[in-house]
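Colleague: I am new to reading models. Can we go through one together?
Modeller: Gladly. Here it is.

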Amino acid sequence: MSTPSTTLPGGTWTLGDLTVTRFGYGAMQLAGRWVMGPPADHDGAIAVLREAVDLGITHIDTSDSYGPHITNQLIREALHPYPDSLHVVTKIGGRRDEQGGWPTERRPDQLRRQVEDNLESLGLDTLGVVNLRLGNADGPVQESIAEAYETLVDLQQRGLIRHLGVSNATVAQVDEARAIAPLVCVQNMYNLAHRLDDDLIDRLAADGVAYVPFFPLGGFSPLQSSALSAVAARLDATAMSVALAWLLQRSPNILLIPGTSSVAHLRENVAGAGLTLGEDDLAELDRISPRGS
Ligand SMILES: NC(=O)c1ccc[n+]([C@@H]2O[C@H](COP(=O)([O-])OP(=O)(O)OC[C@H]3O[C@@H](n4cnc5c(N)ncnc54)[C@H](OP(=O)(O)O)[C@@H]3O)[C@@H](O)[C@H]2O)c1
């Protein structure tokens with residue numbers, strides 16, 4: 001599945017029939033503080049998106065609830081008409097309230113409207129990949145997803161969505177979705193310090209399904225650990241580079257969508273993620289959070 005048809009670290013992966021670079025970009029950080037409202041630096045946000053594409057990134061992750069609508073509008077302003085190689089992955093299943101909360105909205109009529117909103121704000125006729133965002137802001141919640149996922153399958157059959165994924169999902173929900181219709185990716189929280197999905201990652205890898213960790217760098221609380229700092233110092237690299245390189249080495253089906261609002265950080269992350277971690281480095285990093293915890 002991985003091919004070296006890019007100079008970006010990690011090569012490429014195929015989501016259904018869409019080839020993307022394993023090094024992608026997550027656009028959430030481009031909205032304002034707490035992912036509400038416009039960015040403090042509009043031109044800076046546009047520059048980050050254009051730099052991502054100039055660096056060869058072909059996978060941008062977004063949601064119409066970022067801002068709300070702000071990141072999709074920025075992506076459209078910066079990059080539309082999109083290069084054929086670029087694939088924007090969005091997610092639906094919730095909205096923002098005026099207090100900045102993330103209430104869920106997964107009734108069929110709500111999901112249909114969210115797909116229409118994404119098509120409109122991104123300026124697309126078909127959404128390349130749509131993740132059904134499950135659970136709530138506190139994490140995954142075990143409940144049936146059949147009605148919501150079947151709604152997405154219906155929208156896919158009507159040509160509005162090319163491929164489906166799930167996000168913030170339990171293992172049982174991933175299995176439930178796959179029993180209804182194929183999915184190309186699972187987007188859950190996972191990083192060096194949060195490894196609940198280790199077994200799921202291995203199972204999806206065996207089946208050719210992508211796993212896309214959100215908060216790969218720790219999200220709103222960037223990863224901090226003495227082991228991470230020690231490995232980074234030994235390799236003369238940044239801690240962020242080590243965290244991203246570890247994910248790329250962890251499994252070939254892992255796709256990166258690190259977020260940043262800084263062109264300098266974006267370049268630094270791309271340059272650093274190709275680092276090769278040796279057995280000693282991996283053993284030390286494994287001690288930050290034991291497998292599966
Ligand atoms: N499915 C879901 O429920 C869900 C939830 C959350 C996020 N997501 C997706 O996942 C993507 C990634 O998550 P995220 O952006 O929240 O978290 P992240 O990628 O783990 O971390 C982003 C943070 O790291 C900082 N950072 C990045 N590169 C850096 C560097 N080289 N040096 C120092 N700091 C650096 C950024 O600050 P600067 O801006 O200063 O660089 C930002 O504060 C999001 O963009 C979004 O698309 C999905």
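Colleague: Which residues does UniProt list for "domain: NADP-dependent oxidoreductase"?
Modeller: The unreviewed UniProt entry lists residues 24–288. UniProt positions are given in the numbering used here, feature names are shortened, and annotations may be inferred rather than shown by experiment. Residues are numbered from 1 along each chain as its sequence is written. This is a predicted model: local features need pLDDT of at least 70, side-chain atom pairs count only at pLDDT 80 or more, and totals for chains, interfaces and linings use all residues.

Colleague: How do I read the faces of strand 1?
Modeller: In a regular strand, side chains alternate between the two faces of the sheet. Strands are DSSP runs of E, at least two residues, and helices are runs of H or I, at least four, both numbered from the N terminus. Strand 1 covers residues 12–15. Trp13 and Leu15 form its covered face, Thr12 and Thr14 the uncovered one.

Colleague: In which sense do strand 1 and strand 2 pair?
Modeller: Antiparallel, over four bridges. Pairing needs at least two DSSP bridges between the strands. Leu15 has Leu18, in strand 2, as its bridge partner. Two residues lie between the strands of this hairpin, where Gly16 takes a positive phi near 65 degrees.

Colleague: What does Leu228 contact, beyond four places in sequence?
Modeller: Nonpolar side chains tend to be buried together in soluble globular proteins. Contact means C-beta atoms, placed from the backbone, within 7 Å. The contacts of Leu228 include Leu192, Val242, Ala243 and Ile288.

Definitions and conventions: A residue is buried if 20 or more other C-beta atoms lie within 10 Å of its own, exposed if 12 or fewer, and partly exposed in between; C-beta atoms are placed from the backbone. Two residues are in contact if their C-beta atoms, placed from the backbone, lie within 7 Å.
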